[in-house]
Amino acid sequence: FFFTMLAAMMRACLRRRVTRPHGGLRVAGRALSTDQRSSSSTEEDGGAAAATLLASAVCRTRAKHRPAPTLFYFPGLTSRAVWSRDSALKALPWLETLEASDNIALMRREYDRLLELGVASDYSVKDTTRESGEHKMHSGDWSWHSLVTRGRRNPKAKDVCPGTAALIDEVVGPDLMTGTPFSFSFFSTLHSHSSIAPHSAPCNLRLRLHVPLTVPSEDANECGFRVADHVAPWKEGETLVFDDSYEHEVWNRTPVPRVLLLLDVWHPDLTLAEKIAITSMFQEAEEKGWLAK
């Protein structure tokens, strides 16, 4: 789906050069990097920054794990498969607040309430708007209860899990990734005897956070994840911060569901001007009908 979308964007942009204030879509030839053309651009308002899609050849090997996004790569961003505790706290100073014991308890209560209310999972392998093919690669059962889907906040989330929604707004704030087709945040339930096959994200614009709520086993062979060559179990109260443009996979071989809050946040190296440019590009693509709603 997204390969088709990008091809359409490129074809249309080859016919017409488009420039919009505060980021717009600017393509001369084929173009995803961020391009600041105006000397009057400022970090606060994004100036005349523009995001462009660039098509070029990519050389890869299987000799070593490196970022391998399926759609595009934004150059110059710090690249780590799994961010250490120190590097994660430095980049995301609010992380300790998010995973404080009272906040974890709040998330668990509201997740349990979702189940008590019978709120259905909004995940479907038949949904063609899911990014790339990664959400069709699982075996067993995988449930979502979304707060953000394809960059849009779920208005119903504040009704059924108001505390969690408020916590994300107050603690994560503008670092929460929204405004792109690659932005997701949801309660993720990997049910018993289920797994998600190795895959990589469509881009490297984000970091993905796993905030564990229920971990049935701390034996990585029973319930765990692999990012590049890093294999480990989840640990309740310890957030996993990783770059999902690296190949990764997860599994739960126990009889008990594994539950976590998944959050996509902007890569901390991206500037405000770059984020404005990127979201403006996708906004214009949607306005022109190049993206499915």
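Which residues lie nearest the centre of the largest cavity? Here is a look at that, and at a few other features of this predicted model.

## The largest cavity

Trp142, Ile196, His210, Val250 and Leu262 are the ones nearest the centre, out of 14 lining residues. The volume of this cavity comes to about 140 Å³. If you sort its lining by class, you get 6 nonpolar residues, 4 polar ones and 4 charged ones.

As for where the lining comes from, at least two residues each are supplied by strand 6 (185-190), strand 7 (194-199), strand 8 (206-214), strand 12 (248-252) and strand 13 (258-266). Strand 12 gives the largest share, with 3 residues.

At the strand 5 end, the partner is strand 4 (residues 142-149), and the two pair in the antiparallel sense over 2 bridges. Within that pairing, Thr149 has Arg152 of strand 5 as its bridge partner.

What volume does the second largest pocket have? It works out at about 290 Å³. There are 16 residues lining this pocket, and Val82, Phe225, Glu238, Thr239 and Leu240 are the closest to its centre.

Helix 2 (85-91), strand 10 (230-232) and strand 11 each put at least two residues into the lining of this pocket.

## A look at Thr97

Thr97 is part of helix 3 (residues 95-98). How does Thr97 count in terms of accessibility? Its relative accessibility is 43%, so Thr97 counts as partly exposed.

Leaving aside residues up to four places away in sequence, Thr97 touches Asn103 and Val171. Thr97 and Val171 are 74 residues apart along the sequence, yet their C-alpha atoms are 7.2 Å apart in space.

Notes:
Residues are numbered from 1 along each chain as its sequence is written. This is a predicted model: local features need pLDDT of at least 70, side-chain atom pairs count only at pLDDT 80 or more; totals for chains, interfaces and linings use all residues. Side-chain values use heavy atoms; hydrogens and water are left out. On a 1 Å grid over the protein atoms alone, a cavity is a set of points where a 1.4 Å probe fits but cannot get out, and a pocket is an open set with protein on both sides within 12 Å along at least five of seven lines; lining residues have an atom within 4 Å of a point. Grid points are joined across faces, edges and corners, and a volume is the space filled by probe spheres set on the points. Helices (H or I, at least four residues) and strands (E, at least two) are DSSP runs, numbered from the N terminus. Ala, Val, Leu, Ile, Met, Phe, Trp, Tyr, Cys and Pro count as nonpolar, Asp, Glu, Lys and Arg as charged, and the others, Gly among them, as polar. Two strands pair if DSSP finds at least two bridges between them. Buried means under 20% relative accessible area, exposed over 50%, partly exposed in between (1.4 Å probe, protein chains only). Contact means heavy atoms within 4.5 Å.
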